[in-house]
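Here's a quick briefing for anyone meeting this structure for the first time. Have a look at the chain, then read on.

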Amino acid sequence: MLLTVSQAAKLLHVPEKTVLRWIKKDQISACTVNEEYRLNRVDLLELATEQRLNLSPEIFAEPEEPDIHLPHLSQVLKAGGTHHDIQGKTKDEVLKNIISLLKFPPQADRDYILQVLMAREALGTTAIGDGIAIPHVRNPILLHVNAAMITLCFLTNPIDFKAIDNKPVDTIFLLISPTVKVHLHLLSKLAYILRDQRFKAVLQRQGPQSEIIAAVKLIEGELAGGNAR
């Protein structure tokens, strides 16, 4: 999961000096191995998502481990469901209401899930601009879930998420993953697809789940075709 400065720069299509600047300004954490910086892939991807950096389709062409199934984004969105008119005047109220809708077994500790989500928010906003936020836990393994899901919610009243563009959030993708690898896979796919104007148009009109899933499948198909070439 650790990347060199050169690998990180190549992954995000930025100069190496940009990555070094992020490290020196504490915008991203790094450790040193043999007197060289190493960056955590999760931290890098979260930074890229939050700052709307360009993510290349090459990211998804990496070889997969044979024993780990990486789900399609459309499948995970369908599993999580789409909900409209979510109430709440604050970030924690909204997240609590969303968590109550999650398809978890009865024994799931929803208060604990809220705590770890808010702990992640305390590290830095998960709002990525344009009224969109992607709340998720810092370590997916903490939740002990068996399958990934992304629950899409449209809020009745936009709320302040301390977004980088200062726009209030009215659209939330709540990401739940069983493993770090699946978490990275889904977060990168979601970050990529949110740059597509066709998908953003569907979100802006708060379309039904069927329309949202259809748009995601279309873009995923194009992405798969591009990687095959």
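**The sheet and its neighbours**

Met-149 has Ile-176 as its bridge partner in β8. Keep in mind that this is a predicted model. The protein has nine helices and eight strands, and 49% of its 229 residues count as buried.

**How the strands line up**

- Five strands make up an open sheet, in the order β4-β7-β8-β6-β5, and the pairing is mixed.
- At the edges sit β4 (82-86) and β5 (127-129), each of which pairs on one side only.
- β7 and β8 run antiparallel to each other, paired over seven bridges.
- Within β8, Leu-174 is the residue that stands opposite Thr-151.
- β8 also pairs with strand β6 (residues 132-133), this time in the parallel sense and over two bridges.
- Ile-132 has its bridge partner in β8 too, namely Thr-171.
- How enclosed is β8 by the rest of the structure? Seven of its eight residues are buried, so β8 is largely enclosed.
- As a bit of background, strands of a sheet pair through backbone hydrogen bonds, and they do so either parallel or antiparallel.

**What's packed inside**

- The largest nonpolar core has 29 residues, and the ones with the most contacts inside it are Ile-150, Phe-173, Leu-194 and Phe-199.
- Two or more residues each come from α4 (73-80), β7 (149-159), β8 (169-176), α7 (180-193), α8 (197-204) and α9 (209-228).
- Helix α7 gives the largest share of this core, with six residues.
- Setting aside residues up to four places away in sequence, Ile-150 touches Leu-73, Val-76, Leu-77, Gly-80, Gly-81, Phe-173, Leu-174, Leu-175, Leu-186 and Leu-190.
- Apart from this core lies another one, of 25 residues, and Leu-117, Val-145, Cys-153 and Leu-155 are among them.

**An aromatic pair**

- How many aromatic pairs are there? The count comes to one.
- The ring centres of Phe-173 and Phe-199 are 6.4 Å apart with their planes at 40°, so the pair is tilted; planes would have to be under 30 degrees apart to count as stacked, or over 60 to count as edge-to-face.
- This pair ties together distant parts of the chain, since Phe-173 is in strand β8 and Phe-199 is in helix α8, 26 residues apart.
- Phe-173 and Phe-199 are both buried.

**Lys-91, a charged residue on the inside**

- You'll find Lys-91 in helix α5 (residues 91-99).
- Is Lys-91 buried or exposed? With a relative accessible area of 16%, Lys-91 is under the 20% cut-off, so it counts as buried.
- Leaving out neighbours within four places in sequence, Lys-91 is in contact with Met-118, Glu-121, Ile-159, Asp-160 and Phe-161.
- As for Phe-161, the charged end of Lys-91 sits over its ring, 4.6 Å from the ring centre.
- Ile-159 is 68 residues away from Lys-91 along the chain, yet their C-alpha atoms are separated by 6.8 Å.

**Two more residues to look up**

- Ser-74 lies in helix α4.
- The relative accessibility of Ser-74 is 6%, so Ser-74 counts as buried.
- Beyond residues up to four places away in sequence, Ser-74 touches Ile-213, Val-216, Lys-217 and Glu-220.
- Ala-30 has its place in strand β2 (residues 30-33).
- Why does Ala-30 count as partly exposed? Its relative accessible area is 34%, which falls between the 20% limit for buried and the 50% limit for exposed.
- Not counting residues up to four places away in sequence, Ala-30 touches Ile-23, Tyr-37, Arg-38 and Leu-39.
- Between the C-alpha atoms of Ala-30 and Leu-3 there are 9.5 Å, and the two residues are 27 residues apart along the chain.

**The whole protein**

- Among contacts in the protein with a separation of 6 or more, 68% are between residues 24 or more positions apart.
- The accessible surface comes to about 11,700 Å², and 51% of that belongs to carbon and sulfur atoms.

Methods: Residues numbered from 1 in each chain as written. Predicted model: local features only at pLDDT ≥ 70, side-chain atom pairs only at ≥ 80, totals over all residues. Heavy atoms only, no water. Helix = DSSP H or I, 4+ residues; strand = E, 2+ residues; numbered from the N terminus. Buried < 20%, exposed > 50% of the residue type's maximum accessible area, 1.4 Å probe, protein only. Contact = heavy atoms within 4.5 Å. Core = buried A, V, L, I, M, F, W, Y, C linked by side-chain atoms within 4.5 Å. Phe/Tyr/Trp six-rings, centres within 6.5 Å; stacked < 30°, edge-to-face > 60°. Lys NZ or Arg CZ within 6 Å of the ring centre and 35° of its normal. Areas by Shrake-Rupley, 256 points an atom, 1.4 Å probe, with all protein chains shown as cover. Pairing = 2+ DSSP bridges.
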